Amino acid sequence: MEISQNIILVGLMGSGKTTIGRLLARRLERPFYDSDQEIEQRCGVRVRTIFDLEGEAGFRQREAATIADLLKGSGIVLATGGGAVLNPCNREQMKRHGWVVYLDVPVRVLYERTRNDQNRPLLQVADPIAKLEALRAERDPLYREVADFVLDGARHHSSNAVQRILKEWE
Ligand code: S3P
């Protein structure tokens with residue numbers, strides 16, 4: 001694998017992109033970025049506030065600009081927001097500028113990990129499990145389209161997942 005190739009993590013909310021991305025970056029001694037955290041730093045407010053003020057469409061514009069900026073660099077590990085793959089430009093950027101890992105995790109696990117998080121506006125609904133199932137149905141084909149490697153997240157805990165990804169990468 002080309003040494004400076006970016007590594008990009010995609011998957012639904014709660015799939016472990018940030019946790020695994022941080023660990024991967026530490027192991028590879030690379031800079032780590034999380035597109036949501038980067039957007040929050042640039043705007044000075046939380047993701048949920050951007051959704052409140054500008055709607056999902058406003059957030060998606062900021063997300064696309066941020067991902068395009070981050071992928072101008074090389075040799076980074078990037079955790080993307082779960083909806084980043086909805087935008088064909090983002091998918092194109094990811095495929096062109098990175099090696100992409102899809103963390104495929106069952107809905108029941110995603111729900112357990114996200115149920116107390118107020119900063120995920122799309123899950124502030126009466127039935128978050130049904131919402132996660134709908135998001136999964138819509139996005140799973142898109143995650144697979146961009147992915148160079150699909151990790152079965154149900155079978156791997158974080159450190160284990162990092163080993164598995166590194167094995168595929170090297
Ligand atoms: C979103 C996922 C979130 C964040 C925003 C929208 C989505 O990121 O970008 O709340 O559409 O799935 P995480 O996947 O890091 O939670």
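Reply: This is a predicted model. A residue is taken as near a molecule if its C-beta atom, placed from the backbone, lies within 6 Å of it.

Me: Which residues surround the ligand?

Reply: The ligand is surrounded by M13, K17, D36 and V47, by G81, G82 and G83, and by R120, P121 and L122.

Me: How do the residues of that shell divide into nonpolar, polar and charged?

Reply: Four residues of the shell are nonpolar, three are polar and three are charged.

Me: Which elements make up the secondary structure of the protein chain, and in what order do they run from the N terminus?

Reply: The protein chain has seven helices and five strands. From the N terminus on, their order is β-α-β-α-α-β-α-β-α-α-β-α.

Me: How should I read the sheet?

Reply: In general, the strands of a sheet pair through backbone hydrogen bonds, in either a parallel or an antiparallel manner. Here, five strands form an open sheet in the order β2-β3-β1-β4-β5, and the pairing is parallel. Strands β2 (32-34) and β5 (149-152) stand at the edges with a single partner strand each, so one side of each lacks a neighbour in the sheet. On average, neighbouring strands are turned by 20 degrees against each other, direction ignored.

Me: Over how many bridges do strands β1 and β3 pair, and which residue of β3 does I8 stand opposite?

Reply: Strand β1 (residues 6-10) pairs with strand β3 (residues 77-79) over three bridges, in the parallel sense. I8 stands opposite L78 in β3.

Me: Which strands does helix α2 touch, and which does helix α4 touch?

Reply: Helix α2 (residues 35-43) packs on the sheet and touches β2 and β3; its direction makes about 75 degrees with that of β2. Helix α4 (residues 88-97) also packs on the sheet, where it touches β1 and β4 (98-104), and its direction makes about 115 degrees with that of β4.

Me: How are two packed helices described?

Reply: One gives the angle between their axes and the distance between the axes. In this model, the axes of α4 and helix α6 (residues 128-146) come within 9 Å and cross at roughly 30 degrees. Angles under 35 degrees count as roughly parallel, and α4 is therefore roughly parallel to α6. The contact is made by R91, M94 and K95 of α4 with L142, E145 and V146 of α6. Of these contact residues, three are nonpolar, none is polar and three are charged.

Notes
Residues are numbered from 1 along each chain as its sequence is written. This is a predicted model: local features need pLDDT of at least 70, side-chain atom pairs count only at pLDDT 80 or more; totals for chains, interfaces and linings use all residues. Ala, Val, Leu, Ile, Met, Phe, Trp, Tyr, Cys and Pro count as nonpolar, Asp, Glu, Lys and Arg as charged, and the others, Gly among them, as polar. Two strands pair if DSSP finds at least two bridges between them. Helices (H or I, at least four residues) and strands (E, at least two) are DSSP runs, numbered from the N terminus. Axes are lines fitted to C-alpha atoms, for helices over the stretch in contact, and angles run from 0 to 180 degrees between N-to-C directions. Two residues are in contact if their C-beta atoms, placed from the backbone, lie within 7 Å. Angles under 35 degrees count as roughly parallel, over 145 as roughly antiparallel, 65 to 115 as roughly perpendicular and the rest as oblique.
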